[in-house]
Amino acid sequence: MAAAGNARTDHVARNRAHWDEERAAYHAPLARAHWAQREPTWGLWATPESRARLIPEDIAGRDVVELGCGTGYVSAWLARAGARPVAVDVSAAQLATARELREEFGLAVQLVLADAERVPLRGGRFSLVISDYGASLWCDPHRWIAEAARLLEPGGRLAFSRRSPFFAACRPEEGPAGARLLRPYFGSSRLPHGGGVEFTLSHGELVRLLRENGFTVDDLIEVAAPEAGARDYPEVTAAWARRWPSEELWKATLTG
């Protein structure tokens, strides 16, 4: 039983090393531009907040928590909107960048070094739990969604971006996704990414998991890459993402 338990949780250490040692140097130079943004944008294709509406209009003065915050730019946007954000991440290197930018921009963001599957914060306190390719991609959904439900007050909102399961099914070990199914849609929720581990449940599994934890799904936006100005990424091209969704935006309410 101990070995099985270790196998289920080894992704935490792997993802910590992935972000501390492999990815921190890449993301740190990008962070300042994200912190400086006046309108939030979401995911690879920079979906504007005016379309996504992941942040409630009445967020000013409310306690919010970002799970898997990375360099903390979402929390910066929330602080600028008048919220009181707590930004949680497992990577000390990512939080070091967030700490530097917090001082530069003078925004009130509380930073917490912790695994988003086991958050050392009081439950029932927050109006919003949010994750932009953070816990929503790098944490076990059965654990982090339960934590989100614990942290939220009744009627609180959950908002997150993640990979599409269609993308996960078409993604090769190296290079961009193509027009062939390379792995089963079912049973492929845990996949390697560099030295880390990503999680992408199927739509049905994710809806059931949200409901089991007391959430009502309010919206699912399957994002298409824009026709103009979209760059290619090593894992997905803009042309591919105009034909099939590579990412999704989810919104849910804790209704009991």
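Which side chains meet in a salt bridge at 2.9 Å, N to O? Legend A gives the reply. The model is predicted: local features need pLDDT of at least 70, side-chain atom pairs count only at pLDDT 80 or more, and totals for chains, interfaces and linings use all residues. Residues are numbered from 1 along each chain as its sequence is written, and side-chain values use heavy atoms, with hydrogens and water left out.

**A. Glu248 and Arg162 meet in a salt bridge.** A salt bridge is a side-chain nitrogen of Lys or Arg within 4 Å of a carboxyl oxygen of Asp or Glu. Side chains of opposite charge can pair when their charged atoms come close. Here the N to O distance is 2.9 Å. Glu248 sits in strand S11 and Arg162 in strand S7, so the bridge ties together parts that are 86 residues apart in sequence. Helices (H or I, at least four residues) and strands (E, at least two) are DSSP runs, numbered from the N terminus. Buried means under 20% relative accessible area, exposed over 50%, and partly exposed in between (1.4 Å probe, protein chains only). Glu248 is buried, because its relative accessible area is 0%. Arg162 is buried too, at 3%.

Arg62 forms a salt bridge with Glu153. Their closest N and O atoms are 4.0 Å apart. This pair links distant parts of the chain, 91 residues apart. Arg62 is in the loop between helix H2 (49–52) and strand S3 (63–67), while Glu153 is in strand S7. Arg62 counts as partly exposed, at 32% relative accessibility. Glu153 is partly exposed as well, with 24%.

C. The structure holds 20 salt bridges. One of them joins Glu103 to Arg102, with the closest N and O atoms 3.5 Å apart. Glu103 is exposed, because its relative accessible area is 57%. Salt bridges also link Arg163, Arg171, Glu198 and Glu235 in a network.

**D. Helix H8 (residues 203–212) has a buried side.** His203, Leu206, Leu209 and Leu210 are buried in this helix. They cover an arc of only 130° around the axis, so they lie on the same side of H8. The arc is that of the directions from the helix axis to the C-beta atoms. The face turned away from the buried side carries the exposed residues Arg211 and Glu212. What do the buried residues of H8 pack against? Their partners are helix H6 (141–151), strand S7 (152–163), H7, strand S10 (215–223) and strand S11 (247–254). Contact means heavy atoms within 4.5 Å. Just after H8, Gly214 takes a positive phi of about 90°.

**E. Strands S8 and S9 form a hairpin.** Two residues lie between the strands. Gly194, in the turn, has a positive phi of about 60°. S8 and S9 (residues 196–199) pair in the antiparallel sense over four bridges. Two strands pair if DSSP finds at least two bridges between them. Arg190 has Phe199 in S9 as its bridge partner. Side chains alternate along S8.

Phe166, Tyr185 and Phe186 form a nonpolar surface patch. Together they have about 330 Å² of accessible area. Phe186 is in the loop between helix H7 (165–170) and strand S8 (190–193). Phe186 counts as exposed, at 63% relative accessibility. Patches are made of residues with over 30% relative accessible area and no salt bridge; like charges are joined within 9 Å, nonpolar side chains (Val, Leu, Ile, Met, Phe, Trp, Tyr) within 5 Å. Accessible areas come from the Shrake-Rupley method with a 1.4 Å probe; for residues, only the protein chains shown count as cover.
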